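Have it open beside you as you read.

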Amino acid sequence: GRANETTLCQAEGTTGWRALATFPEFFAAPPPPVAPSIVPPVYPADKNNGNAVAGFVLGILSITCPCAGVLVAALGIVFSCIGLSQLSANPQQKGKGLAIAGLVLSIVGAMIWTGWGLLSVPHHHFRLDRHWNF
């Protein structure tokens, strides 16, 4: 019931039969160009800032490790501050909460072990009259 490009037809005033596709009026228009599909770029998953993670781990160790609590706490403060400054420069990176938690834990750890050290020092009452004669 339908004509296609191979259907034979004859133009008025002519004697030969030709395929419908040979008439310029019936040429199949080329399909419209297909726009290339735009694939969004694949970015690696946002990772936590390494210094923020290190500051957090050192902050936990500063509270739980009495052997090097103050030293570890100082390192935790340094790494957490570096991580916070890097995160403010690169907001796409994650780990701000870790850096803040590491900073707080490191400060608390430093206070705990400094207080513990001060309490463990024997208190000697130094009196001037014992050493010098007045």
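**Notes on the predicted model**

1. The protein chain has four helices and two strands (DSSP runs: H or I of at least four residues for helices, E of at least two for strands, numbered from the N terminus). Read from the N terminus, the order is β-β-α-α-α-α.

2. A word on reading this: it is a predicted model, where local features need pLDDT of at least 70, side-chain atom pairs count only at pLDDT 80 or more, and totals for chains, interfaces and linings use all residues. Residues are numbered from 1 along each chain as its sequence is written, and side-chain values use heavy atoms, with hydrogens and water left out.

3. Of the 134 residues in the protein chain, 18% are buried (under 20% relative accessible area; exposed is over 50%, partly exposed in between, with a 1.4 Å probe and protein chains only).

4. Do look at helix α2, residues 69-89: its 21 residues reach 30 Å from first C-alpha to last, close to the 30 Å expected at 1.5 Å a residue (the expected span being 1.5 Å times one less than the number of residues). Its buried residues are G69, V72, A73, G76, S80, G83 and L87. They fall within an arc of 95° seen down the axis of α2, so they line one face of the helix (the arc is that of the directions from the helix axis to the C-beta atoms). On the face turned away from that buried side, α2 carries the exposed residues L71 and A89.

5. Finally, find V108 in helix α3, residues 96-120. V108 counts as partly exposed because its relative accessibility is 35%.
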